Amino acid sequence: MIGPYNKFERESSSRKANFIDFTTDFPAPENIPREFLAECSKRLFVETKASFFYKGDKTSYESLKISLANFIQSQQNSGAGKINSAELCISPSYEHSILAILNTFFTKRDAVLVEEPTSSDFLRLCKHMDFKFTKIKILKDGLDMDSLKEKLKFGLRPKAMFTIPTFQNPFGSVLQTDKRKELIALAEKYKFIIIADESFSFLKFNDVTIPNSMSIFSSTEVISINSLKYVLGDVCSICWIHSCKENIERLYKNVDELAYAGNQLKCGLVHAAITSFDWNDILSDIRTNIHEKAMSFVSSQVTFIPEAVLSANPRGGAFVCINLPGIDNAATFSKFALESFSLKLEPTFSYSGDASQDRFKFSFIHLSTKQIGEGIERLAYAYREYLERKTNVTNIRFVSPKYEIKN
């Protein structure tokens, strides 16, 4: 093996000890505000109503919906319309939210618009529906609206559009306000539902302004899903769904009855967190930490793999997406990086579920800045060696501040 990682191989007594995973998009344990959550737990057990501990007691559930409505309102830009708690329902998880929406509003083999590339989790959850997907390309500023309008103009009649409008997974792009309004107008005109995954919206950098949630612009055409799991971790993984009252009532049987099946404490913890006086400071600290990690990734990429193409400059979110020129099969390269460099990568996925050719999603919020830097440097050597094996050329050069490779 070429470069410093032949030494890495020899000196590593345990491959797992040096394993770097760019596929985990949950916050690192050390970045979860444990003291804050401990205080929230104390409030939950000592100060709040005991009804949070009883399955079937709807009093606390309604309290949570009211506090969520106020909280969501506080996170929007000025001028946003008022959110009614009757437009919300609580779901145990993201997976349950998606499945409830699918089972309520769709039938098998419906025509569905999907971003290209899109979330592998969504594709997995939709598999049993056998949807007829039509892909709409993602650009640096979000959805390719010209392509979408062209397809609709020539007869495409979808049942729905699945979109991740804020820090799109995996591109990281943000759909701006004018495009959000344009998409909603198209949904109204052509009678399709917009399913908006807003899960990453709380991860914006502190100095970044993002548009309001899709369902704020129209709760009739849009069903939005959101959660605090990327901020507070799995202990707060319940989701909320925001849409018009009529849509929520249709969802009620598929979601509400299960919301308290073992999730009372999670609901209570989220209620305590978002009603805390310290919440804004906590969220600001988390965003600062994520910003530092994103900048560490970008600077490392520029230093070690300047040839790589970044899909969009990160303004928030949990990941970035890059293309590695010369890679002809992302899945094959990922396997090579894992086996030879203990580096776990995730190719982006198309609407058909196939891995891309040379594009990868890199999640960074689970790693420290040190791990990010080492991981990208390790990626550079994996990339170099893979291209050398592919082309039988040994003059591809990567120079880092630490190492100069001599052939």
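1. Ground rules first. Since the model is predicted, local features need pLDDT of at least 70 and side-chain atom pairs count only at pLDDT 80 or more, while totals for chains, interfaces and linings use all residues. Numbering runs from 1 along each chain as its sequence is written, and side-chain values use heavy atoms, with hydrogens and water left out.

2. On aromatics, the structure holds 20 pairs. Rings of Phe, Tyr and Trp (its six-membered ring) pair if their centres lie within 6.5 Å; planes under 30 degrees apart count as stacked, over 60 as edge-to-face and the rest as tilted. Take F71 and F202: the centres are 5.4 Å apart and the planes sit at 25 degrees, so this pair is stacked. F71 belongs to helix α3 (residues 58–74) and F202 to the loop between β7 (193–197) and α8 (214–217), so the contact ties together parts that are 131 residues apart in sequence. Helices (H or I, at least four residues) and strands (E, at least two) are DSSP runs, numbered from the N terminus.

3. F71 also pairs with W240, this time edge-to-face, at 6.4 Å centre to centre and 85 degrees between the planes. W240 is in strand β9 (residues 239–242) and F71 in helix α3, so here the parts tied together are 169 residues apart in sequence.

4. Are F71 and W240 buried or exposed? Both are buried (under 20% relative accessible area; exposed is over 50%, partly exposed in between, with a 1.4 Å probe and protein chains only). F71 comes out at 3% relative accessibility, and F202 is buried too, at 6%.

5. Elsewhere, one aromatic cluster is made up of F22, F297, F333, F336, F341, F360, F362 and Y386. For a charge over a ring, look at K361, which lies over the face of F319 at 4.7 Å from the ring centre (the cut-offs: NZ of Lys or CZ of Arg within 6 Å of the ring centre and within 35 degrees of the ring normal).

6. Two cis peptide bonds to check by eye. E116 to P117 is cis with omega near 5 degrees, and P117 is in the loop between β3 (111–116) and α5 (120–126). N169 to P170 is cis as well, with omega near 15 degrees; P170 is in the loop between β6 (160–163) and α7 (177–190).

7. Positive phi in non-glycine residues: R109 has phi near 65 degrees and is in the loop between α4 (94–105) and β3. D130 has phi near 55 degrees, is in the loop between α5 and β4 (132–139), and is partly exposed at 44% relative accessible area.
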